[in-house]
Amino acid sequence: MSIGEKFVSMEYGPAPEDPKEASTWLDRHKRRFGLFIDGAWQSPSAGEYFDTFDPSTGEKLANIAQGNAADIDAAVRAARAASPRWRALTPHARARYLYALARLVQKHSRLLAVLETMDNGKPIRESRDIDIPLVARHFYYHAGWAQLLEQEFPDHEPCGVVGQVIPWNFPLLMLAWKIAPALATGNTVVLKPAEFTPITALVFAELCQEAGVPAGVVNIVTGDGRTGEALVKHPDVDKIAFTGSTEVGRAIRGATAASHKRLSLELGGKSPFIIFEDADLDGAVEGLVDGIWFNQGQVCCAGSRLLMQESIAEVLISKIRDRMSTLRIGPPLDKAIDIGAIVARVQLDRIQRMVEQGIAEGATCWQPQTALPMRGFYYLPTLLSNVHPTSIVAQQEIFGPVLAAMTFRTPREAVELANNTVYGLASCVWSENINVALHVAAQLKAGVVWVNCTNLFDAACGFGGYRESGYGREGGREGLLEYMEAKWFKHAPKLATSESPLLATAARSGAPLVDEIPDAGTLAIDRTVKLYIGGKQARPDSGYSMEVRSPDGALLGEAPLGNRKDIRNAVEAAHKAESWAKATAHNRAQVLYYCAENLSQRKEEVASHLAAPVGEKQAAMELDLAIQRIFSYAAWADKFDGAVHNPPFRNIAIAMNEPIGTVGVICPSEAPLLGFLSLVLPLLAMGNTVVAVPSEKYPLITGDLYQLFDTSDLPGGAVNIVTGYVSQLLKTLAEHDDVDAIWCYGDDATVAAAKAMSVGNLKQVWTNEGRAIDWFDAKIAEGRWFLEHATQVKNIWVPYGE
Ligand code: NAI
């Protein structure tokens, strides 16, 4: 072929990367690797090893140690022992270690890239130009945070020992996403790499040695799911961070429910790739190449659902097919290859199975006429069109180079289709009209929205999902908070459920607080309240009430005994109260100020009711502080802003603090008014709607609360109150698929139940971990900590420049 012809056909010759250095490195280790525990290599205690393969050839690369529970225990002990000295280092000292790691990653970047490609099958072009540079960037960025930590987070401390389990699709990058923020914040780590791709984590262990990272600070225990399970269940681990399948994420949520381990989950996705008729179609098609054929589609945020505006569907499909025909598929160490090998036979089989099922469900399958290599695990880039939105290939993560295409007519329909998934990790919007693009971006339920671009990542921009794509963020300021606790909270005492905080204080000081509880005989008895659902007082479905008594046993009144049906009605009402989420922050602030004003006016009356269960002194304090707390959240409503990041591309990433949705709240018993407001107000201020179960001991507060909300212009359904027994109502709330998060305040057993029962739709659960929160201390009981949990960050990436 002449040069002229080549120029036209763009056919390349092979351009293989030299694997010699990587092979030498493997040979130097005799292609057999132990576990990296306490700064040294150790043999697995059971003497078991497994093989890791090059998926592009099927050839064995090395023997890898299969860590078991005893090995995990040894690693956790090493991490625990290393913890005090590591966290006591100055921020600058820790910053230098992270900086050293960043430099070493850069120094060994080619070795890491080649080994990554050999172990995973991804094109060297990607491991060399994307994975490894991002790994270095992550360590640099977090070296910076380590340096600034005390200035920026003075009241925080590390979680302690962190267990991290990562997948095989971005082996070293996921390690960096996990280890860099953990170390920067002063935690020590036990990390389990994926069984298909352990090699670069082992190189990283060597880099830790080279950087002089103290023994025990980073421990790498290889193995399969059993090893991961042992780590997740280890009692001396303070936090688990997991990336992988939603199924395993669910199992981990269940396995950690009864513990007080912090948990962050980055799970699967079925991300929409929306193309409007006014988009730059050629640009969008290139975006798709990066969206679904990057890393063979084995990407949690892959743009696997193509949503095309109907008017351009035909021309777009033809452009996509043309482009697919030019994708080069083959040995991933070839620098000119676009699509490498699938990580393992089992994944290849899974892709094949799902595509067959999609075709059986009516999809039309198109693949280019490209020859596949004779050996190794390859799958052709695949376009499924005429896909029904309910088909398996439109709903479930395929994790392969398979695009499922559907059409829409209007922006509204595009948003509906896009959000018609249990996931919410990422999304793409292509339109030359910035107004349309941003309007749609705001409505997408996903942690990342790429406008006219795709699959861009940066350490400064938090990444993570909505809904069943998990919770917690990696990267950015919000990612750091996943690895720290507020100091006071870490050391807070256990909640003594039977006591009110003031009563407890009084008991300790000997003051006769109980005497101040008015004689029941002098109270206006027989207060009967109703449920509050959709802005209306409602009778309970059960037709039963519960008696409410004062500490000395006198009857104070009756509250409805809410049941499942009432909770369901309340959730439905909360969902319908969309206007609250859409109200401007200024609007929400005004409503809250109005609540404060109205409570001020009724202060004496509410205090007289509240005095019966908690005493006059506490009642007066609750009222004073409640009014101040409402003011605080009215103030916060238009001030808890997001951020604008400047990633190292021609983009801005707009980090929005968005409401989570409908949140179920189990309120404290001990401070019936103040506790209720302390939890419900931050949620309301941020635009969430709430279904609250008030103090079980004094549910009569509901009557005062609904009068307050009714008279303060709060739209019906924004807050719903169902009285009853927590043990019964929590279950329905936690298991309800339309509840997006649970805030549960209670003892150990109650919060464990909240976590365990929330596994169904993997709703976010935030609890007091059975610890007491002093609702009377504004430094503790209000502010950013609550607001951070009342929101989730969405990053909208917008390119600039021609
Ligand atoms: P997986 O979720 O089983 O594996 C991820 C990691 O979790 C691995 O390190 C594995 O050893 C570990 N693990 C497995 N069971 C565990 C347990 N019970 N406790 C603790 N750790 C455990 O994913 P797998 O089987 O490799 O892939 C299956 C599917 O999962 C893929 O087809 C894809 O749909 C999805 N997936 C999603 C990823 C993402 O980034 N969102 C990454 C990998 C897989």
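A polar side-chain atom of W168 sits 2.6 Å from an oxygen atom of the ligand, a polar contact being a pair of N or O atoms within 3.5 Å (within protein, one must be able to donate a hydrogen and the other to accept it, and residues adjacent in sequence count only if both atoms are side-chain atoms). Q347 also brings a polar side-chain atom to an oxygen atom of the ligand, at 2.9 Å. The protein buries 87% of the 800 Å² that the ligand exposes when taken alone; accessible areas come from the Shrake-Rupley method with a 1.4 Å probe.

This is a predicted model, in which local features need pLDDT of at least 70 and side-chain atom pairs count only at pLDDT 80 or more, while totals for chains, interfaces and linings use all residues. Residues are numbered from 1 along each chain as its sequence is written, and side-chain values use heavy atoms, with hydrogens and water left out.

Around the ligand there are 27 residues, of which I166, W168, E195, S245 and Q347 come nearest; a residue is near if one of its heavy atoms lies within 4 Å. This shell comprises 13 nonpolar, eight polar and six charged residues, where Ala, Val, Leu, Ile, Met, Phe, Trp, Tyr, Cys and Pro count as nonpolar, Asp, Glu, Lys and Arg as charged, and the others, Gly among them, as polar. The helix α9 gives the most to the shell, with four residues. Helices (H or I, at least four residues) and strands (E, at least two) are DSSP runs, numbered from the N terminus.

Away from the ligand, the sheets can be taken in turn. Three strands form an open sheet in the order β1-β5-β4, with mixed pairing; two strands pair if DSSP finds at least two bridges between them. β1 (32-33) and β4 (49-54) are its edge strands, each pairing on one side only. β4 runs antiparallel to β5 (residues 59-65), joined by six bridges, and F53 stands opposite K60 in β5. Helix α5 (residues 109-120) packs on this sheet, touching β4 and β5, with contact meaning heavy atoms within 4.5 Å.

Another open sheet has 10 strands in the order β14-β15-β16-β13-β12-β17-β18-β33-β27-β26, again with mixed pairing. Its edges are β14 (364-366) and β26 (643-645), each with a single partner strand, so one side of each is left without a neighbour in the sheet. β26 pairs with β27 (residues 651-659) in the antiparallel sense over three bridges, and V644 stands opposite I654 in β27.

Definitions and conventions
Axes are lines fitted to C-alpha atoms, for helices over the stretch in contact, and angles run from 0 to 180 degrees between N-to-C directions.
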